[in-house]
There are 2 protein chains.
Amino acid sequence: MATAKRARSARLRIHVENNPATAEVYDITPAMIRRRMRQAPGLAGQIAISYGKDPARLDAALAEAEILLTGGFDATGLAARAPGLRWIQSTSAGVEKLAPVLPPDVILTNASGVHGPKAGEYAMTALLMINHLVPHYVTAQRARRWDQAFATPIAGKTVAILGVGAIGSAAARLARRFGMRIIGVSRSGTANRLVDRMYAAKDLRKALPGADFVLTTLPLTAETRGLLGRAELDLLPRHAGLVNLGRGAVIDADALADKLRKGELSGAVLDVFAEEPLPSASALWGTPNLIISPHCAADDSTSYAERALDIFLDNLQRYVAGRRLINVVDKRLGY
Amino acid sequence: MATAKRARSARLRIHVENNPATAEVYDITPAMIRRRMRQAPGLAGQIAISYGKDPARLDAALAEAEILLTGGFDATGLAARAPGLRWIQSTSAGVEKLAPVLPPDVILTNASGVHGPKAGEYAMTALLMINHLVPHYVTAQRARRWDQAFATPIAGKTVAILGVGAIGSAAARLARRFGMRIIGVSRSGTANRLVDRMYAAKDLRKALPGADFVLTTLPLTAETRGLLGRAELDLLPRHAGLVNLGRGAVIDADALADKLRKGELSGAVLDVFAEEPLPSASALWGTPNLIISPHCAADDSTSYAERALDIFLDNLQRYVAGRRLINVVDKRLGY
């Protein structure tokens, strides 16, 4: 098979750029790649990999790279900076910053599916918390106040899941086991076996009045930005609660906080925010019946990077073989 | 059937005493009883019911009553105060205050099972919250601090359930659906099909080191008071968390709070306390990684009183027919 091996100079140039702004659990390390390559010696001989975690040194690597594995970087003017770049694999599922600015001939794939089991569990946790009035208890605890409030079981109640992708589907499976009814909202409204009733995004307002809970896992795109504004939140019943595990700017957080302060919604769990880290001056921190988790609820610390690497290596083998990649992002739609 | 009907004077005298110290959702009202009696006209003709919610007026009713349905009262000196009393049905599952002071010839039945689905859901909610680091997020939120921490899925982890009765069993069923392993601890240690491994109470210390979570649903008895003291809590792994939905005095809450402050346990959810309402001066309110709910997490506001009434009316028909009652409390054991 010697003839099949590429010469060192002809090897596929891959650059791995980790994001210095995110926690280390997300980093793809040389040790992780080496371990995987031991199981794929044929592939190992065809590639040359460089690593970085410093925006100031990125362009030197980009000038040579054909493939970029990245946890996020500033891609402005990329066509000139990376003339040989053909494919970017994101280790994140959300690619709202990358998608709009990439040159048309660069393929973008994301890590949709990386969150799987953990994110579904956290979504179910958040729904149960709201149903069982934990936001109320936590708010009362801050004031050292014994303030009883009695909930009813979640079984039989309805959750509207906005975005029935990997996380939404995992949540739907668990919600079913708790005897919940499931409404789905997706761009197309195509039927989904996990969902009792699907709505197209344009019919969102028809889906909201019947929801006891709204769970959004939506990516941030031109169509989803501000999707849940004041008018949409006003369509929810007063006892309803809201969970956001997708992207912060999908919801008008100020309108949400206002409704929570007025008792016009039961509670909310937000894991994502328009600005992250959420500034310490933000009024959201002290909003009653709102529980904040700092954009890590969906990620599994022991397996995130390895799961992202699974997706990349699957795609790398496809790329080398000239086959169709998985998780290709429609850059116009943004996911 | 005229001969079967008791004369007014010979009717079974039942007194319903609601507890002014508990929330109204627990009250058994005349309207609730009337509604039930329409479905049981034969029974209705044999009973005479009085109602009260005032300790100062209770003794007048007790002097006449053969049966007492109660949400809790001071039973000191009851033999002299209620010479004709044969049976007390408690609308509470926990009867630690009543059991030790009753005359030997008065039967005591409790409302074990009344909590069923709601309590199981709340137990699972609390386990998921601890696993997904919600106590950490809530503590950081109080300080307006963006403090990421990454969890792993709950699937495959182990919960030790102390007290595998109605609530413990409901929790075990849900925990199984999340792929958890279940250790049970009961007085006898008798095998239970919901539990992977049962321990007798005397072997509690063997069960703790292998637990990722401890859930206690134990009643308060001479044997359970202080069962989880400093020494027992020290046997838990540092990453473990604790949930108490039974009775507060089963746990040394000060030792628990100390371990939480030192980071020697991951988190805790307490719904019950040695003194309730928990005084506003209690240090527990501000303990890091501790979430407090005010003794209502297990009760279903829409169905609690009706479910307690189900148990009472089942028992009343048994009583009238001379059959064995259900939920009879062993006054020596206290549950």
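Reader: At what angle do the axes of helix α1 (residues 30-38) of chain A and helix α11 (residues 304-321) of chain A cross?

Author: This is a predicted model. In it, the two axes cross at roughly 50 degrees and come within 11 Å.

Reader: What makes α1(A) oblique to α11(A)?

Author: Angles under 35 degrees count as roughly parallel and those from 65 to 115 as roughly perpendicular. The crossing is at roughly 50 degrees, so α1(A) is oblique to α11(A). The crossing is also right-handed.

Reader: Which residues of α1(A) and α11(A) meet?

Author: From α1(A) come Met32(A), Ile33(A), Arg35(A), Arg36(A) and Met37(A). They meet Ala305(A), Glu306(A), Leu309(A), Asp310(A) and Leu313(A) in α11(A). By class, six residues of this contact are nonpolar, four are charged and no residue is polar.

Reader: Why is α5(A) called oblique to α5(B)?

Author: The axes of helix α5 (residues 116-131) of chain A and helix α5 (residues 116-131) of chain B cross at roughly 130 degrees and come within 9 Å. Perpendicular ends at 115 and antiparallel needs an angle over 145, so α5(A) is oblique to α5(B). This crossing is left-handed. Glu121(A), Thr125(A), Leu128(A), Met129(A) and Asn131(A) make the contact with Glu121(B), Thr125(B), Leu128(B), Met129(B) and Asn131(B). Four of the contact residues are nonpolar, four polar and two charged.

Reader: What is the order of the strands in the open sheet of chain B?

Author: The five strands have the order β2-β1-β3-β4-β5, with parallel pairing.

Reader: Why do β2 (47-52) and β5 (107-109) of chain B stand at the edges?

Author: Each has a single partner strand, so one side of each is left without a neighbour in the sheet. The twist from one strand to the next averages 15 degrees.

Reader: What makes β3 and β4 of chain B a pair?

Author: Pairing needs at least two bridges. Four bridges join β3 (residues 67-70) to β4 (residues 87-90) of chain B, so the two strands pair. In β4(B), Gln89(B) is the bridge partner of Leu69(B).

Notes: Residues numbered from 1 in each chain as written. Chains lettered and ligands numbered in written order. Predicted model: local features only at pLDDT ≥ 70, side-chain atom pairs only at ≥ 80, totals over all residues. Heavy atoms only, no water. Axes fitted to C-alpha atoms, helices over the stretch in contact; angles between N-to-C directions. Helix = DSSP H or I, 4+ residues; strand = E, 2+ residues; numbered from the N terminus. Left-handed = near helix turned anticlockwise from the far one by under 90°. Contact = heavy atoms within 4.5 Å. Nonpolar A, V, L, I, M, F, W, Y, C, P; charged D, E, K, R; others polar.
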